[in-house]
Amino acid sequence: MKLQEVKDILDAEVIVGNDLLNMEVRTAFGADLMSDVLAFAKPGSLLLTGLTNPQVIRTSDVLDIAAIILVRGKRPLSETIQLAEELRIPLLTTKFILFEAVGRLYAQGIRGCIEKVGETRDLS
Amino acid sequence: MTFPEIIEQTFAVEGGFDNAGLVSSQVKAFLTGHNLPKDIIRRVAIVTLEAEMNICSYAHRGHITVRVLPHFITIEAIDEGQGIGDIELAMVEGYSTATDKIRSLGFGAGLGLSNMKKFSDTFRLISEVGKGTRVKMLIHIPREFHPPRG
């Protein structure tokens, strides 16, 4: 699915990356703990989180995360926006809570980047 | 063909959180363009970010040195910080002495050292209370990315 569709499903506002909404995404990971994002998230996935500090962008850069969706209506710090622009990582915000946001994406075909800890997911 | 020289770079890490994570982005940029597989670069960046967050959290300053050798990459994080009294306990997943500030950034849940161990092939930690901590990690480069022998 295109990032544009993700934006529509979540009624999200694009804060960074209006020109990047054409990218394809198939998988996602949701967490507020960046150490868990580092441990489990896979490259090319969406990251759904409630954290708004620049370390979210750093973590996403390290993992080649496709795009970041802030949930619960969070507004990013200005340093966070600046860093997302610098590293060209799309940053969106939605008013949906994490549970609702992932449920709506799952219903439209987005899958977890892994299903269970210790397993890899074959989406080919 | 001659064997390539060792590529090495040292990155300074300041204590505090203003630029926490900067070095991991710099390390990733440094490794990109050296004919290394993406997942290897990612693993180096992951362990670097955790090591960097630890230096920012628990030390006044430190540095991280990344060396690319023909068959493996080493990542060494050295800090002048409070040190670790009980390394065995510090390695336990979930054990943490982090402040609320560190936790508010999405770290400090007692997973940093175990993530470093998980994503490296060799992990060594030595520490002296009141002096500092040294972490050395090694990540193998897959055979198909080894430089050709002369």
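In this predicted model, L70(A) stands opposite T93(A) in strand β5(A). The strand that carries L70(A) is β4(A), residues 67-70 of chain A, and it is joined to β5(A), residues 91-93, by three bridges, the two strands running parallel. Between them lies helix α4(A), residues 78-87, and together β4(A), α4(A) and β5(A) make a right-handed β-α-β unit.

The chain passes from β3(A) to β4(A) through helix α3(A), residues 54-63, in a right-handed β-α-β crossover.

Chain A contains an open sheet of six strands in the order β1-β5-β4-β3-β2-β6, with mixed pairing. Its edges are β1(A), residues 13-16, and β6(A), residues 111-112; each has a single partner strand, so one side of each is left without a neighbour in the sheet. Helix α4(A) packs on this sheet by touching β1(A) and β5(A). Helix α5(A), residues 98-107, packs on the sheet as well, touching β2(A), β3(A) and β4(A).

Chain B has an open sheet of five strands, ordered β1-β2-β3-β5-β4 and paired in the antiparallel sense. The edge strands are β1(B), residues 7-14, and β4(B), residues 122-128, each of which pairs on one side only. Neighbouring strands of this sheet are turned by 10° against each other on average, direction ignored. Within the sheet, β2(B), residues 59-68, and β3(B), residues 72-81, pair over nine bridges in the antiparallel sense. In this pair, R61(B) stands opposite E80(B) of β3(B).

| α4(A) | β1(A), β5(A) | about 75° to β1(A) |

**Contact between the chains**

The contact takes 19 residues from chain A and 18 residues from chain B. On the side of chain B that touches chain A, α1(B), α2(B) and α5(B), residues 112-119, each supply at least two residues. Helix α2(B) gives the most to this side, with five residues. By class, the side of chain B that touches chain A has eight nonpolar, six polar and four charged residues.

Helix α2(B) meets α3(A), the crossover helix between β3(A) and β4(A). The axes of α3(A) and α2(B) come within 8 Å and cross at roughly 155°. Angles over 145 degrees count as roughly antiparallel, and the two helices are therefore roughly antiparallel to each other. From α3(A), residues R58(A), T59(A), V62(A) and L63(A) take part, and they meet R42(B), A45(B), I46(B) and L49(B) of α2(B). This helix contact has five nonpolar, one polar and two charged residues by class.

How values were computed
Residues numbered from 1 in each chain as written. Chains lettered and ligands numbered in written order. Predicted model: local features only at pLDDT ≥ 70, side-chain atom pairs only at ≥ 80, totals over all residues. Buried ≥ 20, exposed ≤ 12 C-beta atoms within 10 Å, placed from the backbone. Helix = DSSP H or I, 4+ residues; strand = E, 2+ residues; numbered from the N terminus. Right-handed = clockwise from strand over helix to strand, strands pointing away. Pairing = 2+ DSSP bridges. Axes fitted to C-alpha atoms, helices over the stretch in contact; angles between N-to-C directions. Parallel < 35°, antiparallel > 145°, perpendicular 65-115°, else oblique. Contact = placed C-beta atoms within 7 Å. Nonpolar A, V, L, I, M, F, W, Y, C, P; charged D, E, K, R; others polar.
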